[in-house]
Amino acid sequence: MRLRSGHVVDQASDEVTENGEVPLFAERKAKSMQKRHKSVGVTSFGTFLCRLGRWKKTFYIIGTILFFLYVIVPTLLYLFPSMIKIGVFLTMMHWPIVIDFNDFGYFKLTAARNFRVPTQDSSLGVWHIPPKSLVPKFMKDNSSEAYENSLSDGYPIILYFHGNAGTRAGIFRLRMYRILTANDKHVITFDYRGFADSPGEPTENGMVEDGYTMLKWIRKRSGKSPVFLWGHSLGSGVATKLSKQLSKEGFVPNGLVLEAPISSMRDAAFGHPLGALWRYMPFFEAIFLRALEDQHIYFNNVESIGDVSFPILLMHAEDDGIVPYDIGLKLVEAARKRRSRDFAPFKFISFEAEQRCGHYMFRSKDLPDIIDKFVKQYS
């Protein structure tokens with residue numbers, strides 16, 4: 001072999017093609033290119049098959065989810081109506097998963113107390129978060145007697161009924177506690193039976209009974225201190241039904257605060273974002289209502305609010321994405337039409353969408369003043 005103009009030339013044939021390649025090399029290159037084109041073709045077809053396989057897998061996953069939602073869930077609910085409790089109460093949904101209710105440093109609550117209140121067959125997990133003005137007192141004496149005696153000091157007491165899912169330690173609930181205690185109010189908050197560290201199984205009547213137990217516990221210690229019930233979301237169903245019962249018994253608190261309340265369990269379920277999955281399936285509505293009736297879950301605030309004789313403050317935000325504003329308006333209309341003129345006043349506060357309160361009124365800078373005025377007026 002010898003070099004010619006920078007090319008390697010075979011001695012048997014030292015002719016060079018026009019593009020500077022030896023004919024033998026050109027032939028080899030052509031064959032190589034043909035193999036490469038064939039390889040590219042095979043690769044492209046293989047890629048297509050891979051993509052098709054991925055699409056099939058995606059369709060399979062989507063199909064499985066839809067089958068579960070629209071066939072399995074309705075069928076199970078029809079056969080086992082008690083399963084409706086899982087979707088209504090959502091007791092398993094809370095964060096953190098493991099909660100130490102005594103770790104108030106973690107919850108950023110000062111001088112709070114964790115304890116239990118006995119019921120007829122069990123006990124309830126309870127927090128007492130004292131007013132800001134009393135914090136120095138509990139830094140010196142944090143005995144249970146000191147906490148219980150403080151309830152008769154004259155500061156307003158808020159018995160807080162939280163909504164479904166989570167516990168009394170929910171992050172948004174904590175923010176409301178801080179606002180209320182910063183404005184010198186006691187907050188007594190508890191978990192219904194079946195929630196958090198309160199043993200049992202949640203039922204509508206059982207949760208109302210738990211609220212009644214808590215109110216009696218407070219009344220034995222509150223002296224002349226004003227007591228207000230506060231129901232948020234599903235908790236409004238518990239607080240309102242209890243208020244109806246209290247009005248008939250004459251064992252009335254100073255007032256009832258309803259924050260983002262539901263009108264009924266049926267309305268709340270189909271108005272909830274999760275309800276959109278089945279909202280337009282007529283047969284599922286029948287199955288759903290049958291399950292609710294079977295488990296005696298109604299939380300019919302429209303019916304209950306007409307019998308609440310003591311003062312009511314109802315608050316709802318236009319941009320509420322959990323309990324739609326229209327549901328709140330339905331309850332407002334019921335309160336105005338059904339309540340007797342002899343009953344104490346009813347007041348409705350609407351929060352404009354621009355305030356971005358959503359499902360939680362603590363986001364409004366006006367909330368402390370609104371609550372102070374209501375509490376002072378009826379204390």
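**Figure 1. Surroundings of Met265 in the predicted model**. Met265 touches Val88, Leu234, Leu292, Ile297, Tyr298 and Phe299, where residues up to four places away in sequence are not counted; a contact means heavy atoms within 4.5 Å. Met265 is also one of the residues with the most contacts inside the largest nonpolar core, together with Leu159, Phe161 and Phe299. That core has 60 residues. A nonpolar core is a set of buried Ala, Val, Leu, Ile, Met, Phe, Trp, Tyr and Cys residues joined through side-chain atoms within 4.5 Å. Buried means under 20% relative accessible area, exposed means over 50%, and partly exposed lies in between (1.4 Å probe, protein chains only). Helix α7 (residues 204-222) gives the largest share of this core, seven residues. Helices (H or I, at least four residues) and strands (E, at least two) are DSSP runs, numbered from the N terminus. Another core, of 35 residues, lies apart from the largest one and has Phe101, Tyr160, Leu174 and Phe351 among its members. In soluble globular proteins, nonpolar side chains tend to be buried together.

As this is a predicted model, local features need pLDDT of at least 70 and side-chain atom pairs count only at pLDDT 80 or more, whereas totals for chains, interfaces and linings use all residues. Residues are numbered from 1 along each chain as its sequence is written, and side-chain values use heavy atoms, with hydrogens and water left out.

**Figure 2. Strand β7 and the strands paired with it**. Six of the six residues of strand β7 (residues 227-232) are buried. Both of its faces are covered: Val227, Leu229 and Gly231 are buried on one side, and Phe228, Trp230 and His232 on the other. Strand β5 (residues 157-161) pairs with β7 in the parallel sense over five bridges; two strands pair if DSSP finds at least two bridges between them. Within this pairing, Leu159 has Leu229 of β7 as its bridge partner. Strand β8 (residues 255-259) also pairs with β7 in the parallel sense over five bridges, and here Leu229 has Leu256 of β8 as its bridge partner. From β7 the chain crosses through helix α8 (residues 234-249) to β8, in a right-handed β-α-β crossover. Right-handed means that, with the strands pointing away from the viewer, the path from the first strand over the helix to the second runs clockwise.

Figure 3. Ser233 is placed in the loop between β7 and α8. At 7% relative accessibility, Ser233 counts as buried. With a relative accessible area of 22%, Asp184 is partly exposed.

**Figure 4. The largest cavity and its lining**. The structure holds one cavity of 30 Å³ or more, and about 30 Å³ of space lies in the largest cavity. On a 1 Å grid over the protein atoms alone, a cavity is a set of points where a 1.4 Å probe fits but cannot get out, and lining residues have an atom within 4 Å of a point. Grid points are joined across faces, edges and corners, and the volume is the space filled by probe spheres set on the points. The lining consists of Tyr160, Phe172, Arg173, Met176, His232, Glu259, Tyr360 and Phe362. Helix α6 supplies the largest share of this lining, three residues.

Conventions
1 Å grid on protein atoms, 1.4 Å probe; cavity = no way out; pocket = protein on both sides within 12 Å on 5 of 7 lines; lining within 4 Å.
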